[in-house]
Amino acid sequence: MLVRPKEGLLDPQGQAVQGSLRKLGFGVTEARVGRVVDLELAASDPAEARAEVERMCAELLANPLIESVEIELVEAE
Amino acid sequence: MRPRVAVVAFPGSNDVEDAALALELLGAESTVVWHGDAALPEGLGAVVLPGGFSYGDYLRCGAIARFSPAMNAVRRFADEGGLVLGICNGFQILCEAGLLPGILRPNRQLEFVCRDVRVRVEHSAIPFTSRCEEGEELTIPVKHGEGSWYAPDDALAELEERGQVVLRYAEDCNGSVADVAGVANEQGNVLGLMPHPEHAVNPLLGSADGALILGSLVDAARDRLSVSA
């Protein structure tokens, strides 16, 4: 799952990264920094797995006030 | 009567002793509660969640501490009208636990800020600021990297209207929305603030203004216990 600072919200970390990239000569107009959480689940049904991850987000992994979440499901090999 | 006030120690809390000592100096009997304790001591007048870096600030500051057994007890205590004060990391924990509105984010300047700041008392009708005058400016130190309080505009407007914004920075500190330094719940029995009143209880420390806040808390704890006694 990807956790990002919500659109329009001040992201000082992203600003610092943008500033540094510009100093290196890269023409970056915006940078936003979030985090990735990799989870392994034993669930067999994708819908069930998604619902469970959504509950995890609501209870712990993200704060809906400031963060948006994107869930990506990949079948284990 | 010396009212009993609990200070909750989480792994990574580092202001437990300072808070306990300041409360003792101000007339309370302080008792330290370990985060793994599922119950708070009997006959408690108030609870303080101290500053520090509980659980290493992993994930988000305060996000993990809120699941500790002691926090369930603190939540029950607050639900029954008990007085709960969260200082710095304690404020972050109370926001993550949903006991206080908003959330604390990384400082706008991305720097750890560690200095005395002036904060204005916006409301003195709640137990935590009864020794203060409305509009009074206090000098109290801050020391945090993630103290920039945030709530959406509509939520902030409601908080302002209900008088829940109790303390405001009187100078630029960390990029907090509306310069909020301390906010209370709707009932007024839970307060969180980023400045550290326990580090300002004696002029030798540079300021004794923090004693006005902790002293107010001790007064209220005493009143509460003498009513129930």
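**Figure 1. Strand S10 of chain B, a covered strand in a predicted model.** Let us start with S10, which covers residues 180-184 of chain B. Strand S9 (residues 165-169) of chain B runs antiparallel to S10(B), and 3 bridges join the two. To find one of these links, look for B:Val165, whose bridge partner in S10(B) is B:Val183.

**Figure 2. The hairpin of S10 and S11 in chain B.** Which strand forms a hairpin with S10(B)? The answer is S11(B), with 5 residues between the two strands. S11 spans residues 190-193 of chain B, runs antiparallel to S10(B) and is joined to S10(B) by 3 bridges. One pair to look for is B:Gly182 with its bridge partner B:Leu193 in S11(B). In the turn, B:Gly188 has a positive phi of about 80 degrees.

**Figure 3. The open sheet of chain B.** Now place the hairpin in its wider setting. Chain B has 5 helices and 11 strands, and 9 strands form an open sheet with mixed pairing. Follow the order across the sheet: S2-S1-S3-S4-S11-S10-S9-S6-S7. Strand S2 (29-34) and strand S7 (137-144) of chain B are the edge strands, each pairing on one side only. Neighbouring strands of this sheet are turned against each other by 25 degrees on average, with direction ignored.

**Figure 4. A parallel pair, S1 and S2 of chain B.** How do S1(B) and S2(B) run, parallel or antiparallel? They run parallel, with 6 bridges joining strand S1 (residues 4-9) of chain B to S2(B). Among the residues to look for is B:Arg4, whose bridge partner in S2(B) is B:Glu29.

**Figure 5. Helix H3 of chain B and its surroundings.** Helix H3 covers residues 89-96 of chain B, and 8 of its 8 residues are buried. You can pick out B:Phe91, B:Ile93 and B:Leu94 among them, and the buried residues also include B:Asn89, B:Gln92 and B:Glu96. What do the buried residues of H3(B) pack against? Their neighbours are strand S3 (44-49), strand S4 (83-87), strand S5 (103-105) and S11 of chain B. Just after H3(B) comes B:Gly98, with a positive phi of about 80 degrees.

**Figure 6. Two chains, two overall forms.** Start with chain B, where buried residues make up 56% of the 229 residues. Its C-alpha trace spans about 45 × 35 × 35 Å along the principal axes. Turning to chain A, its elements run β-α-β-α-β from the N terminus on. Chain A has a radius of gyration of 16 Å, well over the 11 Å that the globule rule gives for 77 residues, so chain A is more spread out than a compact globule. The C-alpha trace of chain A spans about 45 × 30 × 15 Å along its principal axes, and buried residues make up 8% of its 77 residues.

**Figure 7. Where chains A and B touch.** The contact takes 8 residues from chain A and 9 residues from chain B. On the side of chain B that touches chain A, you will find 5 nonpolar, 1 polar and 3 charged residues.

Definitions and conventions. Residues numbered from 1 in each chain as written. Chains lettered and ligands numbered in written order. Predicted model: local features only at pLDDT ≥ 70, side-chain atom pairs only at ≥ 80, totals over all residues. Contact = placed C-beta atoms within 7 Å. Nonpolar A, V, L, I, M, F, W, Y, C, P; charged D, E, K, R; others polar. Buried ≥ 20, exposed ≤ 12 C-beta atoms within 10 Å, placed from the backbone. Helix = DSSP H or I, 4+ residues; strand = E, 2+ residues; numbered from the N terminus. Pairing = 2+ DSSP bridges. Axes fitted to C-alpha atoms, helices over the stretch in contact; angles between N-to-C directions. Rg over C-alpha atoms; globule rule 2.2 N^0.38 Å.
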